[in-house]
Amino acid sequence: MVAVTSGSIDAAAKALRAGALVAFPTETVYGLGADATNGRAVAAIFAAKGRPRFNPLIVHVPDRERVAELGQPPPFGQRLAEALWPGPLTLVMAKRPDCGIADLTTAGLDTIAVRVPSHPVAQALLRAVGRPIAAPSANRSGHVSPTTAAHVAADLSEHVAMILDGGPSSLGLESTVVDVTGEQAVVLRLGAVAREDIARVLGHPVVVAQGDPDKPASPGMLVRHYAPATRLRLEASEAGSGEALLAFGGNVPRHAGPTINLSAAGDLTEAAANLFSALRALDRAGATAIAVMPIPEEGLGEAINDRLLRAARAA
Ligand code: TXA
Ligand code: MG
């Protein structure tokens, strides 16, 4: 835990640019930050949290000019942005194809969740880094969200390069997540901005998606997850003719068709960083199926296998 000074902010920014994780205060809860353009750094977030699944993460930027580089909300989304940013609001919008955000950050989706926090330390850090920062709450998966630097230290101290201590989070509740990709705003997660405040800005009542966005209960209203259209064949020891091969590790079967190795070194962090772009690329290869080599069910392998299983079921 380090006190906030211009020196520690610069050191934190440097660590983030080098691909390390930095925990930092926001007005909602403490975030576990990584450079959102660096897939390996983002993979380290999932490893540190011990998350068994890859959920899309919120990308943090210091102002609305930087938001425009990531995506363009429709006019009603702009009204929410003008009224409530900086602050505890997250907008899910269509992602600009040229935004440079790692595929793992958005879990392969064409949408992106963006937030402009108001906390002065978060603001200073984001300006010093000069890159968009992906950050979920800085707790181990299943634990409560941290509202002090000490909470973060108790959960994650071995995993972070630095914990910036900005005192207790004033709101203590996560941001309200609002999907503005459709005709109307839909609240995906209730949080520190009340539903009434959103309705007041829009001038009409707003729908709240049923259930926890992380635990889909009513399909259709919830986070849509990316899945390839091509069938996946899991636990493959080789790929047939017409198939594409999604490989892992150093011992890859000979294959003449399209092949991508998630990590020749057998490194699960590297594999996680490559997963969604590899699926997209092989999905475009016109193969009859994507043969997927076995991935060890340990560390990030658990989350990789969870996503592969869902994709195999979806197609
Ligand atoms: O207050 C907060 O929002 C904190 C601070 C650190 O900013 N962050 C936070 O992040 O709570 P996290 O990862 O715990 O929650 C992100 C939420 C999840 O419910 C996720 O499903 C949703 O945002 N989300 C992210 N990207 C999305 C997308 N493209 N489409 C739909 N939902 C998305
Ligand atoms: Mg959380």
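How many salt bridges does a search of the whole structure find? It finds 11, where a salt bridge is a side-chain nitrogen of Lys or Arg within 4 Å of a carboxyl oxygen of Asp or Glu. We'll meet two of these pairs along the way.

First, some ground rules. This is a predicted model, in which local features need pLDDT of at least 70 and side-chain atom pairs count only at pLDDT 80 or more, while totals for chains, interfaces and linings use all residues. Residues are numbered from 1 along each chain as its sequence is written, chains are lettered from A and ligands numbered from 1 in the order in which they are written, and side-chain values use heavy atoms, with hydrogens and water left out.

Let's start with the overall layout. The chain is assigned domain 1 (2–208) and domain 2 (232–312), with bounds that come from an automatic or database domain assignment. Taken over C-alpha atoms, the centres of domain 1 and domain 2 are 30 Å apart.

So how do the domains meet? On the domain 1 side, 16 residues are in contact with 16 residues of domain 2, and contact here means heavy atoms within 4.5 Å. Together domain 1 and domain 2 bury about 1,300 Å², with carbon and sulfur atoms giving 60% of that. Buried area is the accessible area (1.4 Å probe) that two parts lose on being put together, summed over both. Arg-40, Phe-54 and Asp-103 supply 45% of the area that domain 1 buries against domain 2, more than any other three residues.

Arg-40 turns up again in a salt bridge with Asp-267, where the closest N and O atoms are 2.8 Å apart. Between domain 1 and domain 2 the count is 2 salt bridges. As for the side of domain 1 that touches domain 2, its residues split into 9 nonpolar, 2 polar and 5 charged.

Now for the strands. Look for an open sheet of 11 strands with mixed pairing, in the order β1-β8-β2-β3-β7-β4-β6-β5-β9-β10-β11. Its edge strands are β1 (2–3) and β11 (207–208), each pairing on one side only. Helices (H or I, at least four residues) and strands (E, at least two) are DSSP runs, numbered from the N terminus, and two strands pair if DSSP finds at least two bridges between them.

For the antiparallel sense, go to β9 (residues 176–179) and β10 (residues 186–189), which pair over 3 bridges; Val-178 has Val-187 as its partner.

Finally, a few local details. Arg-64 forms a salt bridge with Glu-82, their closest N and O atoms being 3.6 Å apart. Arg-64 lies in helix α3 (residues 64–68) and Glu-82 in helix α4 (residues 75–84), so this pair ties together parts that are 18 residues apart in sequence. In the loop between α4 and β5 (89–94) sits Pro-86, joined to Trp-85 by a cis peptide bond with omega of about -5 degrees. The loop between β5 and β6 (111–115) holds Ala-107, which has a positive phi of about 50 degrees although it is not a glycine.

Note on methods
Ala, Val, Leu, Ile, Met, Phe, Trp, Tyr, Cys and Pro count as nonpolar, Asp, Glu, Lys and Arg as charged, and the others, Gly among them, as polar.
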